[in-house]
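Please walk through the model below with the sequence beside it. The paragraphs that follow take up its strands and helices, a pocket and a few points of backbone geometry.

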Amino acid sequence: MCGIVGYVGRQDAVPVLLEGLQRLEYRGYDSAGVAVLKNGTLRTHKAQGRVRELAAELPRRVAGETGIAHTRWATHGAPSDRNAHPHTDAGGRVAVVHNGIVENAAELRAELAEDGVVLESDTDTEVLAHLIARADDELEAAVRAALARVTGTYGLAVLDAREPGRLVVARNGSPVIIGVGEKAMFVASDVAALVRHTQRVAHLDDGELAVLDAHSFRTSTFDARATAKTTTEIVQRPEDYDLGGHGHFLRKEILDQPEAVAGTLRGRLEPRFGTAHLGGLTLDARELRAVRRVCVLGCGSAYYAGLAGAHTIESLARLPATAEPASEFRYRDPVIAPDTLYIAVSQSGETYDTLAAVQEVRRKGGRVLGVVNVVGSSIARACDGGIYVHAGPEVSVASTKTFTCTLVAFALLALHLGRIRDLGPAEGQRIIAGLEALPGQIGRILAAEEEIAEHAAWLGEARGAFYIGRVRGYPIALEGAQKLKEVSYIHAEAYPASELKHGPLALVDEELPTVALVPDDALHEKNRSSVEQVRARGGRVLAIAHRPLDGLADATVVVPRSEPELDPILLGIPLQLLAYHAAVALGRDVDQPRNLAKSVTVE
Ligand code: AGP
């Protein structure tokens with residue numbers, strides 16, 4: 001979704017801003033723009049479409065030492081040049097880029113119009129530029145005055161032609177990160193735009209404002225009380241955001257999984273005691289023993305990972321565990337039980353619905369742990385503690401390696417919770433051995449890419465597909481269907497295999513294939529019978545199994561066997577390759593599927 005980049009320093013701001021915008025493209029956007037200040041003159045250029053189109057339209061001589069830039073994902077007003085950011089006041093003196101939503105925009109627009117201000121766009125953001133300019137004060141004070149009139153969420157960056165060499169940024173619910181460079185300061189809503197320039201960053205907190213010049217920055221609360229801010233080193237590397245010879249980030253990230261899973265496990269296994277060491281939990285053994293129930297919250301694939309994680313916790317820790325879409329939870333006025341442990345799952349750590357669910361739990365006195373990939377993200381910071389997934393940056397919109405690594409993180413948490421309760425050390429060591437084997441086993445599945453691509457060719461010709469699995473397999477079926485939908489645009493639905501006969505079977509015929517998860521577990525025979533039901537109606541079946549199924553399915557992808565609690569992690573891998581190759585065969589934009597954004601920071 002929307003992205004912010006800002007620069008103040010001695011170089012020309014334009015190339016820095018354009019490169020930063022390119023780094024944010026993966027988040028999804030519909031238009032882009034830049035504003036730069038040179039010799040007291042503000043120049044703004046905006047274009048609907050890609051950053052490269054904006055770059056192509058920029059006059060050669062545009063340059064500046066201070067600048068802000070933006071990629072927009074439309075909320076108020078259609079995608080267009082006019083609605084793209086930066087927005088300026090009527091005099092073209094103040095420029096603003098903004099992520100988030102000004103909730104009282106309609107009221108403020110009406111008020112400005114009554115005062116004779118002509119609004120040039122349909123956006124909520126434009127009111128900020130007018131309010132700041134009309135405060136007619138020093139930029140910092142003017143931004144404070146404008147924000148006092150605004151309700152809603154924002155990460156924003158502002159420049160003023162009267163104050164060259166200065167940027168003012170503010171945060172309320174949408175990330176703002178300051179990058180500290182050599183005689184230069186950078187601003188971004190995502191570290192992806194900073195990694196090429198600096199490794200030292202400071203995260204603004206909600207309700208904070210910062211004033212930056214080329215040499216320093218200072219932070220304060222909205223009511224002007226100075227705040228102390230420490231900088232931290234970022235873990236991301238520039239090459240994480242390069243294709244590295246792959247055609248798509250999606251394939252790069254799928255193939256990266258042995259390494260990514262090793263990253264999730266690194267330093268966390270304690271084979272001697274058959275347990276996992278998780279330094280960020282902030283709850284000691286006594287507090288964790290007092291937990292009576294677990295409720296996992298997340299959206300989309302993070303929710304599906306949460307469903308799988310809840311199963312693992314229930315199996316290993318024998319604690320009742322459920323998962324719920326965070327987007328629903330936050331609106332149903334949930335009862336927050338003091339002995340329930342809430343767990344928020346998110347790759348980006350910025351998903352607005354998940355963040356709002358975390359805030360709802362905390363408002364009611366509940367405790368939330370995060371299972372989050374992006375270090376220092378809003379959700380990670382809003383939780384009481386948690387586990388970083390450490391999958392590395394995920395650029396493709398469709399989640400793959402983070403999904404897998406989130407399941408691994410849940411296995412670690414389940415092991416830890418189990419060992420605090422009734423799981424014996426030998427059982428713990430069994431799980432640890434299973435976890436240690438995962439990277440190699442994933443590598444073996446990935447080596448079968450060519451064979452899986454052949455199955456994807458016929459799946460890609462179908463009008464739709466069913467994905468079925470039982471109990472532990474069901475969340476994996478949900479995620480498999482989600483992947484196919486997202487990147488190939490083929491309609492795919494997941495069902496518990498046991499539910500087929502209760503309705504969906506009516507749709508099965510020669511044209512609707514089914515992808516069936518048939519692991520060698522206690523439910524193997526039940527799964528076989530579901531496959532038979534589909535084939536009896538003429539439906540083609542691709543099975544994902546632990547051994548060849550002797551003609552039961554039309555085709556079978558064999559995956560290595562793990563421990564039963566960990567099998568879902570491996571069963572999901574072929575489904576990612578299946579979706580990827582189906583999408584490539586159909587010529588889809590696999591890394592940036594239509595209508596989707598990497599991190600959904602609005603409602
Ligand atoms: C995953 O492929 C999707 N792009 C989407 O469902 C995603 O998982 C969801 O929006 C939650 O994102 P988060 O993990 O960043 O919170």
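Two strands are said to pair here if DSSP finds at least two bridges between them, and the elements themselves are DSSP runs numbered from the N terminus, a helix being a run of H or I of at least four residues and a strand a run of E of at least two. The model is predicted, so that local features need a pLDDT of at least 70 and side-chain atom pairs count only at pLDDT 80 or more, while totals for chains, interfaces and linings use all residues. Residues are numbered from 1 along each chain as its sequence is written, and side-chain values use heavy atoms, with hydrogens and water left out.

Strand β6 (residues 94-102) and β7 pair in the antiparallel sense, over nine bridges, and V102 stands opposite G152 in β7. Both strands belong to an open sheet of seven strands, with antiparallel pairing and the order β5-β6-β7-β8-β12-β13-β14. Its edges are β5 (87-88) and β14 (226-227), each of which pairs on one side only. In general, the strands of a sheet pair through backbone hydrogen bonds, either parallel or antiparallel.

The buried residues of the helix are L139, E140, A142, V143, R144, A146 and L147. Taking contact as heavy atoms within 4.5 Å, these buried residues pack against α4 (126-135), β7 (152-160), β8 (167-172), β12 (208-212) and β13 (217-221).

Seven of the seven residues of β20 are buried, so the strand is largely enclosed by the rest of the structure. The side chains of T340, Y342, A344 and S346 point one way from β20, those of L341, I343 and V345 point the other way, and all are buried. Strand β18 (residues 293-298) runs parallel to β20 and is joined to it by five bridges, with A344 as the bridge partner of L297. Strand β21 (residues 367-372) also runs parallel to β20, the two being joined by six bridges, and here V372 is the bridge partner of S346. Together with helix α11 (residues 352-363), β20 and β21 make a right-handed β-α-β unit; right-handed means that, with the strands pointing away from the viewer, the path from the first strand over the helix to the second runs clockwise.

Which residues lie nearest the centre of the largest pocket? They are Q236, D240, A391, G392 and P393, within a lining of 40 residues. The elements that give two or more residues to this lining are α6 (249-255) and α7 (257-265), and α7 gives the most, with three. A pocket is found on a 1 Å grid over the protein atoms alone, as an open set of points where a 1.4 Å probe fits, with protein on both sides within 12 Å along at least five of seven lines, and lining residues have an atom within 4 Å of a point. The largest pocket holds about 790 Å³ of space, the volume being that filled by probe spheres set on grid points joined across faces, edges and corners.

Leaving aside residues up to four places away in sequence, A391 touches A260, N373, K401, T402 and C405.

Of the 19 residues, 17 are buried, so α18 is largely enclosed by the rest of the structure.

Some backbone angles remain to be visited. Most residues other than glycine have a negative phi, and most peptide bonds are trans. R318, however, has a positive phi near 50°; it lies in the loop between α9 (300-317) and β19 (321-325) and counts as exposed at 64% relative accessibility. The bond that joins H85 and P86 is a cis peptide bond, with omega about 0°, and P86 is found in the loop between β4 (66-72) and β5.

Conventions:
Buried < 20%, exposed > 50% of the residue type's maximum accessible area, 1.4 Å probe, protein only.
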